[in-house]
Amino acid sequence: MTEELLFFAWQVPDDGYRVIRSGGRSYLVSDPGLWSTIRPLDNGVLFREFANLPNDADAFVGFANQWGHLGVAENITIKRKSVPAEPLSAWTYYVGCLRRLVDMRDRVEDGHREFKFVRWPDKNHIVIRIEDEFGEDRLKIDVSEDAPARLKQFTYSDTYEPALYYLKLRTDKVLREHVSPRLMWSKGQLETRLVPDNLVGAIFYQFSRTVGRKMNHRACERCGKWFEYQRGTARYCSNTCRVYASQQRRGLT
Ligand SMILES: [Zn+2]
């Protein structure tokens, strides 16, 4: 975990979130009450848990009750009062976006060099189109003579570099909007640090730190929780799960 991430604290309402409908849209809201301060990035695989959420209101509420809202709430009017509410469409958007990026990063890490969703209609244009349960994402890239130098270097019919470019573009967009440099206290001195503005910035920043690095993440075979492992044989997230699974194998539970 990098040092700047350690500064990220976030708040979760003790009574949790609920979903309301307003103007034809669904929103996550919380009632007035006590809030607890948490440090979401103490969970080193939070981005994986987020990216693996199904496109489902209950799953979003469950995640929010544990880690807080994303930090992209709008003010809506309920019973003539203005209240902060986070559209569930934003959850669909960010989970879908990260799902695609994590999937791409994992495949690059596994040595994949071909990406079927990248097409070259002609020598000067690339079209990326991904369709999944979260919707559709399209990106057109101009690689003609007028394009920036980096893009002109793409080799005709190669799909690897355009896929990486997609990963960079989509990740950067979220980082630009939700992570900012700040002066922070460090041992009595002020130093610049990158600090997430909200949970979505924190999650995408955590993800961005894994791009281009060897990191071993796996879902626990017993409880399904993601964990980072050192040795190639690790199958369980914790001793508890390992012991439980071995007892189960021996018919003790
Ligand atoms: Zn487990």
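Author: Of the 253 residues of the protein, 25% count as buried, where buried is taken as 20 or more other C-beta atoms within 10 Å of a residue's own, exposed as 12 or fewer, and partly exposed as in between, with C-beta atoms placed from the backbone. Please keep in mind that this is a predicted model: local features need pLDDT of at least 70 and side-chain atom pairs count only at pLDDT 80 or more, while totals for chains, interfaces and linings use all residues. Residues are numbered from 1 along each chain as its sequence is written.

The protein has 7 helices and 13 strands; these are DSSP runs, numbered from the N terminus, with helices (H or I) of at least four residues and strands (E) of at least two. Its C-alpha trace spans about 60 × 60 × 50 Å along the principal axes.

Let's zoom in on a pair of helices. Two packed helices are described by the angle between their axes and the distance between the axes. Helix α3 (residues 88-109) packs against helix α5 (residues 160-178) at an angle of about 140°, and their axes are 10 Å apart. Axes here are lines fitted to C-alpha atoms, for helices over the stretch in contact, and angles run from 0 to 180 degrees between N-to-C directions. α3 and α5 are therefore oblique to each other, since angles under 35 degrees count as roughly parallel, over 145 as roughly antiparallel, 65 to 115 as roughly perpendicular and the rest as oblique. The crossing of α3 and α5 is left-handed, meaning that the near helix is turned anticlockwise from the far one by less than a right angle (clockwise would be right-handed).

Which residues make the contact? On α3 they are C97, L101, M104, R105 and V108, and on α5 they are A163, L164, L167, R170 and T171; two residues are in contact if their C-beta atoms, placed from the backbone, lie within 7 Å. By class, the contact of α3 with α5 has 7 nonpolar, 1 polar and 2 charged residues. Nonpolar covers Ala, Val, Leu, Ile, Met, Phe, Trp, Tyr, Cys and Pro, charged covers Asp, Glu, Lys and Arg, and the others, Gly among them, are polar.

Contacts also tell you something about the whole chain. Residues 24 or more positions apart account for 58% of the contacts in the protein with a separation of 6 or more.
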